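This report describes one protein model for a reader who has not seen it before. The sequence and structure come first, and the description follows.

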Amino acid sequence: IMASCPPCPWIIQKLDSCPTFDITDPSVSKLYLALELLMCFGSLIPWVSSAWALFAGIYCRTKPRIQLCSVLLLQYCALKIVKEILKEERPNFECSKTYGMPSAHCQFIIAYFLWDFLCVLYEPYKNTISEKENAMFKYSALYHLILIPLVITSRIYLLYHTTKQVVVGISLGIVLTFLCFYVTQRINKKQEMLTKAQKDQQIIKSPQEKKHR
């Protein structure tokens with residue numbers, strides 16, 4: 001546990017991505033500095049993904065993108081509730097005054113990957129989005145899959161979380177994403193059935209209206 005938080009820009013501290021030492025110290029080796037910066041970058045990845053998810057939801061406005069924004073909101077609410085219930089401190093409580101159980105970074109990076117991966121696998125979604133957006137889901141899933149180990153390692157390395165907090169964050173992300181995907185698919189199917197029933201009703205009414213005329 002560090003006695004105090006090293007010098008760190010305000011925005012980086014707010015994003016819970018501070019290094020474990022003063023990176024401006026000239027005595028630090030370049031290799032050690034490069035490793036530290038890599039870990040800080042790893043902790044910033046979920047924030048970049050969040051910004052991208054919000055932008056894609058507003059810009060694309062397709063059902064999978066809008067539903068992802070809803071899923072992330074639910075993930076965030078669940079995270080806050082669990083943190084307040086467990087109230088487990090971080091290994092280094094100097095750089096962040098919030099509770100550490102579970103790891104939000106790990107929860108969200110898993111949620112991004114799983115949602116993109118499930119959208120790629122789920123056949124009905126492919127019929128509602130363009131080939132270009134389907135390719136975006138594939139690249140996004142691959143991008144998050146590659147970066148998941150870096151995010152997980154960075155949270156432990158930078159002393160923001162214990163291994164247990166990371167594992168719980170990953171588990172919460174997996175469970176909530178699968179649950180949300182199942183619920184959204186049930187809603188989508190009911191909407192499709194309702195739309196189909198309305199169309200069938202219009203087709204039946206159309207000949208009858210012509211006869212009356």
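Among contacts between residues at least 6 apart in sequence, 72% join residues at least 24 apart; a contact means heavy atoms within 4.5 Å. The model is predicted, so local features need pLDDT of at least 70 and side-chain atom pairs count only at pLDDT 80 or more, while totals for chains, interfaces and linings use all residues. Residues are numbered from 1 along each chain as its sequence is written, and side-chain values use heavy atoms, with hydrogens and water left out.

**Overall make-up**

The protein has seven helices and zero strands. Helices (H or I, at least four residues) and strands (E, at least two) are DSSP runs, numbered from the N terminus. Of the 213 residues, 42% count as buried, where buried means under 20% relative accessible area, exposed over 50%, and partly exposed in between (1.4 Å probe, protein chains only). The accessible surface comes to about 12,800 Å², and 68% of this belongs to carbon and sulfur atoms.

**Nonpolar cores**

A nonpolar core is a set of buried Ala, Val, Leu, Ile, Met, Phe, Trp, Tyr and Cys residues joined through side-chain atoms within 4.5 Å. The largest one holds 20 residues, and I45, I109 and I110 touch the most other members. Two or more residues of this core come from each of helix 2 (30-60), helix 4 (104-121), helix 6 (131-157) and helix 7 (163-212). Another core, of 16 residues, lies apart from it and includes L68, L79, C119 and F137. Setting aside neighbours within four places in sequence, I109 is in contact with I45, S49, H144, I148 and V151.

**A buried aspartate**

Helix 4 also contains D116. This residue is buried yet has no salt bridge, and the nearest side chain of opposite charge, R65, is 4.3 Å away. For such charges, Lys and Arg count as positive and Asp and Glu as negative, with His and the chain ends not counted. A salt bridge is a side-chain nitrogen of Lys or Arg within 4 Å of a carboxyl oxygen of Asp or Glu. The side chains of D116 and S140 are joined by a polar contact of 2.4 Å. A polar contact is a pair of N or O atoms within 3.5 Å; within protein, one must be able to donate a hydrogen and the other to accept it, and residues adjacent in sequence count only if both atoms are side-chain atoms. Not counting residues up to four places away in sequence, D116 touches R65, F137, S140, A141 and H144.

**Salt bridges**

Two salt bridges are found in the whole structure.

| Pair | N to O distance |
|---|---|
| D16 and R90 | 3.5 Å |
| E88 and K164 | 3.4 Å |

D16 is in the loop between helix 1 (10-14) and helix 2, and R90 is in the loop between helix 3 (63-86) and helix 4, 74 residues apart. D16 is buried at 11% relative accessible area, and R90 is buried at 7%. E88 lies in the loop between helix 3 and helix 4 and K164 in helix 7, so this pair ties together parts that are 76 residues apart in sequence. E88 is partly exposed at 22%, and K164 is partly exposed at 48%.

**Backbone details**

D16 has a phi near 55°, a positive value in a residue other than glycine. K87 likewise has a positive phi, near 50°; K87 lies in the loop between helix 3 and helix 4 and is partly exposed at 48% relative accessible area. P102 is placed in the loop between helix 3 and helix 4, and the peptide bond from M101 to P102 is cis, with omega near 0°.

How values were computed. Areas by Shrake-Rupley, 256 points an atom, 1.4 Å probe, with all protein chains shown as cover.
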